[in-house]
Amino acid sequence: MVRQQFGLVAHIWILTVSLAFTAVGGAMAQENDISTAKNLSRQVLEMWAADSTIDESIFADGYQNHQAPLATGGTGSIDLTTWVSIVEENHKAFPDLKVEILGQTAEGDRVSTHWRFYGTQKGAYLGLPATGRSVDWTGIQIDRFSNGQIAESWVVWDFFTQRQQLGLEN
């Protein structure tokens, strides 16, 4: 009887340890997925920096970027081709633009990144000739992932501060 109880306890202990390792392995895999997603979100934002290149491979087919507001005013959604052209125009307008990641959180299939952009307007921007003015604005981008790529982004940024610093608003 004691031998049977010991055997049962040993079985339960082995099963518990096995489940614990499985849970830890699953948590580690999830942590790696979250870390990878955060890195991809960081890469997307760092593409805005003047000295960066654009890597379209991290975006899913049909990518949509929802802006509130759009730099031209209003709100809306743009596709990857339009997003790339906007980033390239920003590289020309702000050739010293820097990107600072202020914080990130992740949950499920989304990563939220709080960021800061700053630089000097040395080229035309939205019809405004170069002003030589410094700009410094912040925003938040939420990226949704699908199959390891960014499928959709929602961006809210301090449009009014940027416009005021450029002399477009009183």
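Predicted model: local features only at pLDDT ≥ 70, side-chain atom pairs only at ≥ 80, totals over all residues.

**Exercise 1.** Determine how glutamate 100 and arginine 116 are linked, and where the two residues lie.

*Solution.* 
Step 1. Glutamate 100 and arginine 116 form a salt bridge in which the closest N and O atoms are 2.7 Å apart.
Step 2. This pair links distant parts of the chain, with glutamate 100 in strand E3 and arginine 116 in strand E4, 16 residues apart.
Step 3. E3 and E4 run antiparallel and are joined by 9 bridges, and glutamate 100 stands opposite arginine 116.
Step 4. The two strands form a hairpin with 2 residues between them, and glycine 108 in the turn has a positive phi of about 60°.
Step 5. The salt bridge belongs to a network that links Glu100, Arg116 and Asp136.

**Exercise 2.** Classify glutamate 100, arginine 116, arginine 144 and glutamate 152 as buried, partly exposed or exposed.

*Solution.* 
Step 1. The cut-offs are under 20% relative accessible area for buried and over 50% for exposed, with partly exposed in between.
Step 2. Glutamate 100, at 30%, is therefore partly exposed, and arginine 116, at 23%, is also partly exposed.
Step 3. Arginine 144 and glutamate 152 meet in a salt bridge of 2.9 Å, N to O.
Step 4. Arginine 144 has 22% relative accessibility and so counts as partly exposed, whereas glutamate 152, at 17%, is buried.

**Exercise 3.** Describe the salt bridge between arginine 42 and glutamate 46.

*Solution.* 
Step 1. The closest N and O atoms of arginine 42 and glutamate 46 are 3.9 Å apart; the cut-off for a salt bridge is 4 Å.
Step 2. Both residues lie in helix H1, 4 residues apart, about one turn of the helix.
Step 3. Arginine 42 is partly exposed at 30%, as is glutamate 46 at 34%.
Step 4. The count of salt bridges in the model comes to 6.

**Exercise 4.** Characterise the linings of the largest pocket and of the second largest pocket.

*Solution.* 
Step 1. The largest pocket holds about 410 Å³ of space, and the second largest pocket has a volume of about 210 Å³.
Step 2. Of the 23 residues lining the largest pocket, Trp48, Ala71, Ile86, Asn90 and Tyr125 lie nearest its centre. H2 supplies the largest share of this lining, 5 residues.
Step 3. By class, this lining has 16 nonpolar, 6 polar and 1 charged residues.
Step 4. The second largest pocket is lined by 16 residues, with Asp33, Ile34, Ala37, Gly108 and Phe145 nearest its centre. H1 gives the most to this lining, with 6 residues.
Step 5. The lining of the second largest pocket divides into 6 nonpolar, 6 polar and 4 charged residues.

Notes:
Residues numbered from 1 in each chain as written. Heavy atoms only, no water. 1 Å grid on protein atoms, 1.4 Å probe; cavity = no way out; pocket = protein on both sides within 12 Å on 5 of 7 lines; lining within 4 Å. Points joined across faces, edges and corners; volume = space filled by probe spheres on them. Nonpolar A, V, L, I, M, F, W, Y, C, P; charged D, E, K, R; others polar. Pairing = 2+ DSSP bridges. Salt bridge = Lys/Arg side-chain N within 4 Å of Asp/Glu carboxyl O. Buried < 20%, exposed > 50% of the residue type's maximum accessible area, 1.4 Å probe, protein only.
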